[in-house]
Amino acid sequence: IIPVNGCSYGKDTKPFKKRKDGSEYWKFCGQDFWSLISGKDNLFAEIIEPLGHEAKKHNDDFEKSYARVINRFTIKFAETYCTPQGDIDWEKIVRFVSERREEA
């Protein structure tokens, strides 16, 4: 049994590897990797468009979730570290991050 290190992208013109401890393995990158797992020499190029569509779908979900987190953080920050007029209370922030506290 010889282990295989598969990389979905990149190039490596010398895929056979030998470690200092004498163990051996194969490292297949990019086109060679996709060909190894699929038997199709051009799969690396064929999957780009479908992956892009799938990534966009998940990216939209991620951006919505990220915006919600930023909004919650902003609200909490404003409630905790801003004056009623909306100014940042820098002394309160500095005290929070730097003021000596008694151990509990």
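## Ground rules

The model is predicted, so local features need pLDDT of at least 70, side-chain atom pairs count only at pLDDT 80 or more, and totals for chains, interfaces and linings use all residues. Residues are numbered from 1 along each chain as its sequence is written, and side-chain values use heavy atoms, without hydrogens and water.

## Fold and spread

The chain has 4 helices and 3 strands. Helices (H or I, at least four residues) and strands (E, at least two) are DSSP runs, numbered from the N terminus. Along the sequence, the pattern reads β-β-β-α-α-α-α. The radius of gyration, at 26 Å, is well over the 13 Å that the globule rule gives for 104 residues, so the chain is more spread out than a compact globule. That radius is taken over C-alpha atoms, and the rule is 2.2 Å times the number of residues to the power 0.38.

Along the principal axes, the C-alpha atoms fill a box of roughly 65 × 40 × 20 Å. Of the 104 residues, 12% count as buried (under 20% relative accessible area, 1.4 Å probe, protein chains only).

## Helix 3 meets helix 4

The axes of helix 3 (residues 48-81) and helix 4 (residues 90-98) come within 9 Å and cross at roughly 100°. Axes are lines fitted to C-alpha atoms over the stretch in contact, with angles from 0 to 180 degrees between N-to-C directions. The two helices are therefore roughly perpendicular (65 to 115 degrees).

Phe77, Thr80 and Tyr81 of helix 3 touch Lys92, Ile93 and Phe96 of helix 4. Contact means heavy atoms within 4.5 Å.

Technical notes: Parallel < 35°, antiparallel > 145°, perpendicular 65-115°, else oblique. Buried < 20%, exposed > 50% of the residue type's maximum accessible area, 1.4 Å probe, protein only.
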